[in-house]
Amino acid sequence: MPRARKKRIPSPAFLLKPVAVSLIIAGSLSLIWMKTRVMEVRYEIAELEQQRVQLLNVQKDLLSQKSQFSSPARIAMRASRLGLTVPDRENVYLVKYQSRVVAVANHSKKEAGTPRL
Amino acid sequence: MNSRRAVFLVTLVALGFLTVVLRLVDLMILEHDWLSQRAYRQHVRSETVAAPRGTIYDARMRELAVNRRVQSVFGVPKEIRNPGQMAGRLSRVLGLKKTALAERLSDRDKGFVWLARKVDEDTVRAIQAMNLAPEIGFVPETKRTYPKGRLASHVIGFVDIDNRGTEGIERIFEDVLRGESGRVMKGRDALGQALSSGEDNAQTGHDLVLTLDEDLQYIVEDALNEAVEHHRARGGVSVMMDPYTGRVLAMAVNPTFSPEHRARPENWRNRAVTDVYEPGSTFKAILAAAALEEKRVRVSDRFDCSEGVIEVGGRRIHDHKRLGVLTFEEVVQKSSNVGMVKVAQILGSETYFRYITAFGFGEKTGLTVSGEVKGLLKAPKNWSGSSIGAMAVGYEVAVTPIQVLNAYAAIANGGVLMRPYIVSDVLDSEGRVVKRFEPEAVRRVISERTSRILTEILETVVQDGGTAVNASVLGNRVAGKTGTSRKIDRQTGRYSRTRYYSSFVGYVPSQNPKLAMIVVIDEPKGSIYGGEVAAPVFRKIAEHALIYLNIPREDTGHVVLVSG
């Protein structure tokens, strides 16, 4: 029986060199790309940090302005321009909210304490 | 020939490589340390960061002193070719004299001179538009600002150009507010562009929370300023306090000043604690408290004041008119000098002095504001024959308004002298409490019974027949005492007949006091009596303050709304 002729499989060794070179080139490019990206991100972070500091300063300034605007002297001045005055004590009634249950209980106590004719 | 050429080329290449290797050895091994330091300096810039000063808040966490980021302008003289021309351009924007600027910019030995500190945004923009870098540059700084303007300026004080506390709370609590400057390492690329702003290690100063209430402070200042203006007075002081805790709720002084545009240093004093005066009749409550506590007099004891004058140690002390025979209560109500001298004589100098010191006179109250003095108080061994009479009516003793108020607060709260305080909390930058100041009782001075009796007597002062009807408050009972004392004429060394202190000190509601308050008007023109000058100020302040504090009238109470 004739021996079947074995098909010659090409050795993969010939691929090793191009693959390795490709990998090295790809790796190097990736490294460069990553390094570039890191730099870009660092620039972005620096810019954002700067923005954050600026915004915090703006916030501080706004808080300071808010305090200025809400100063009692300024409010009193505005109020007097609008014709508003501080009410006399006789025109002020202090209001206290009370639940019905408490109110009834208080009323009953008062009634009990009141001498009956 | 070819082989010789090849050898030459190989040698050349080898030498080239050798040079490169040697250079690499030089750079990477021999000069490594020096070069790495240089690279670090090039890529990382270290900058000093000033620590922001802590904020000062009122009792309701409203900002009274804050920081604002500003820029300061500097010049680099050794880089400037034409200082005169540069000074000319900058003087218009900075509002400074051209000659002064030119002088500063001409010193070519210097690499840095300040041109203007803490300038406003518009000025910065105008200079930036001139494109003067690198000869002219900016340094970011913080500027202390006081958003409420003159409000409580005598208490808060102010800072100098370098943000160091110079007056008031700013000075007293400098160590707490200041914080620690730090450094920040900022990464930069070869072109100098920022790669990271870095983390600084500066420690922000602690914040302070005062016991002052911004609104009450305004009410007090407004009424005081109006009264000083109305009576054409030299000045005035008014302090409001919670008598049970010693919390100072408001402290107003006239003349006022702006902490940011301050002028006239004589106006910076917090006269509530730095200036002394003879309290006059307001001091009679101290004598009355002592006499009642020692049970040397009773409310119904009668004193003959019909002569209208009494002689003590060769000195004649008068009443403003003949008042007849008065009970002890009436002696206080009508502020009879004759009656009070008689009470002092019954009590004796040693005992009287003991109570004066027990009420805190002759010593500092310990309030944490700048420049407090202890006043002047003579020991009995140094008293002259007339001293007992003079001290009975509030002369020969120099006190501060805060001392008088604190003594009345003790009468109001049932007899305990409290240590007044004006800072309630120290907070860190995260808002956590680092230190809390609690109310502190100094000592019991009189019993609750004496306090109650004296309060009832002091209530009559504000009622019909008393000297302070103008201090009465609609709907709430007031207890208090007027004072009208002569000032010493510095030229003659005698008591002036034209210059007076008019004062009123009291508390409201008298039976459960929420506020104790003193009003002192310095040299009012026209009317001079405490009951006519200071008492109305007390009423005005008290009525507004009671509304603000939601304290109901005793006659109407709260209106109850029933829900549910």
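Mentor: In this predicted model, the C-alpha centres of domain 1 and domain 2 of chain B lie 45 Å apart. The domain assignment, whose bounds come from an automatic or database source, gives domain 1 as residues 47–210 and domain 2 as residues 214–548 of chain B. Residues are numbered from 1 along each chain as its sequence is written, and chains are lettered from A, with ligands numbered from 1, in the order in which they are written. Local features need a pLDDT of at least 70 and side-chain atom pairs count only at pLDDT 80 or more, whereas totals for chains, interfaces and linings use all residues.

The contact between the two domains takes 30 residues from domain 1 of chain B and 26 residues from domain 2 of chain B, two residues being in contact if their C-beta atoms, placed from the backbone, lie within 7 Å. On the side of domain 1 of chain B that touches domain 2 of chain B, helix H6 (153–156), helix H7 (168–172) and strand S10 (207–210) of chain B each supply at least two residues; here helices (H or I, at least four residues) and strands (E, at least two) are DSSP runs numbered from the N terminus. By class, that side of domain 1 of chain B has 14 nonpolar, eight polar and eight charged residues, where Ala, Val, Leu, Ile, Met, Phe, Trp, Tyr, Cys and Pro count as nonpolar, Asp, Glu, Lys and Arg as charged, and the others, Gly among them, as polar.

Chain B has 19 helices and 24 strands, and among its contacts between residues at least 6 apart in sequence, 71% join residues at least 24 apart.

As to confidence, chain B averages a pLDDT of 91, and 98% of the residues score at least 70, pLDDT being the predictor's confidence in each residue, from 0 to 100. The model scores ipTM 0.75 and pTM 0.83.
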